[in-house]
Amino acid sequence: MGADNSGKLKKRLLELQSQSIRDNCYYFTDFLPMADQNIAYESCDSRSFTVWGGCDSAERQMIRFGDAREIGYEVDFPIVCIEIAPVNPSFSEALGHRDYLGALMNLGIERDVIGDVFFNGKKACVFACERMADYITENLFRVRRTSVNAKRIEELPEDMEPKLEEINIITASARIDILAAKVFNLSRSKVKAAFGRQEIFLNGRTCTNPSAEPKEGDIVSFRHHGRFVYCGVEGSTKKGNLAVRIKRSRAR
């Protein structure tokens, strides 16, 4: 995001925070990528908002301004889960994330009304802003050459949730840059460059300190590569290296 756009988003978020306090009611953003969510953490009072993307593993999330303790009631996030399934599974193509997202964008809607897209086998699920759900279900008929039906469902099915792969790595340090290089099999120089591009996040916030050490349960996200949960040090080797347990998911 350029400096101008970043400044506009910061101004908008601060306005929503002020409106929520003034009107004593909730205000919502559309779906924001992690870099934009970080602007909220940096510029707004973290006690004034919560984030949610439809499920625990969602990366694109809405921000809800408003404190239930002050307002006196709680309002759900206006997020709908939509299932996209082939009309005839026997003749469906092998479709991926880009295919489903491209079909949604071809409906003429903006990217910020669409959250994360999950797929498993020949079906997909997408989180969308509630105000766009009917438009999507009534107009999405095809993904590439495959005819599909789109319908609302209550929640993301369990088999759509990204599976976390538990791995153990041996490392000289539990620094985030070293862990990221090990987990995603990348060179230290590539990871260093990613920090410079602000592509690495710790618990949803931009991480600018490569030497930071995560705490047990912390989530490290690496744009275009995936994310991992730091589960802690399990022990050490005879050479003094650390045996670290990680739960990893690859980028969709």
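Val 143 stands opposite Thr 146 in strand E8. Two strands meet here: E7 and E8 (residues 146-153) run antiparallel and are joined by 2 bridges. Strands are DSSP runs of at least two residues (E), helices runs of at least four (H or I), and both are numbered from the N terminus. The model is a predicted one, in which local features need pLDDT of at least 70, side-chain atom pairs count only at pLDDT 80 or more, and totals for chains, interfaces and linings use all residues. Residues are numbered from 1 along each chain as its sequence is written, and side-chain values use heavy atoms, with hydrogens and water left out.

E7 and E8 belong to an open sheet of 5 strands with antiparallel pairing. The order is E5-E6-E4-E8-E7. Strands E5 (114-120) and E7 (142-143) form the edges, each pairing on one side only. Two strands count as paired if DSSP finds at least two bridges between them.

The structure holds 19 salt bridges. Each is a side-chain nitrogen of Lys or Arg within 4 Å of a carboxyl oxygen of Asp or Glu. One of them joins Arg 131 to Asp 30, at 2.9 Å from N to O. Arg 131 lies in helix H5 (residues 130-139) and Asp 30 in the loop between strand E1 (27-28) and helix H2 (34-43), so the pair ties together parts that are 101 residues apart in sequence. Arg 131 is exposed, at 55% relative accessibility. Exposed means over 50% relative accessible area, buried under 20% and partly exposed in between, with a 1.4 Å probe and protein chains only.

Arg 145 and Glu 93 also meet in a salt bridge, at 3.1 Å from N to O. Arg 145 sits in the loop between E7 and E8, and Glu 93 in the loop between E4 and helix H4 (97-105), so this pair ties together parts that are 52 residues apart in sequence. Arg 145 is exposed at 62%, whereas Glu 93 is buried at 14%. Salt bridges link Glu 93, Asp 99, Arg 144 and Arg 145 in a network.

Asp 218 has no salt bridge, yet is buried. Its nearest side chain of opposite charge is Lys 215, 4.1 Å away. A polar atom of the Asp 218 side chain does lie 2.8 Å from the backbone nitrogen of Lys 215. Asp 218 is placed in the loop between strand E11 (205-206) and strand E12 (219-222). Beyond its neighbours within four places in sequence, Asp 218 is in contact (heavy atoms within 4.5 Å) with Leu 202, Asn 203, Phe 228, Val 229 and Tyr 230.

Aromatic pairs number 8. Phe 184 and Phe 222 have ring centres 5.8 Å apart and planes at 85 degrees, so the pair is edge-to-face. Phe 184 lies in the loop between helix H6 (176-183) and helix H7 (188-196), and Phe 222 in E12, 38 residues apart. Rings of Phe, Tyr and Trp (its six-membered ring) pair if their centres lie within 6.5 Å; planes under 30 degrees apart count as stacked, over 60 as edge-to-face and the rest as tilted. Phe 184 is buried, with a relative accessible area of 5%. Phe 222 is buried, also at 5%. Elsewhere, ring pairs link Tyr 41, Phe 49 and Phe 65 into a cluster.

Arg 227, in strand E13 (residues 226-236), is buried at 13%. Its contacts beyond four places in sequence include Phe 184, Asp 56 and Lys 247.

How values were computed:
Lys, Arg positive; Asp, Glu negative; His and termini not counted. Polar contact = N/O pair within 3.5 Å; in protein donor to acceptor, adjacent residues only side chain to side chain.
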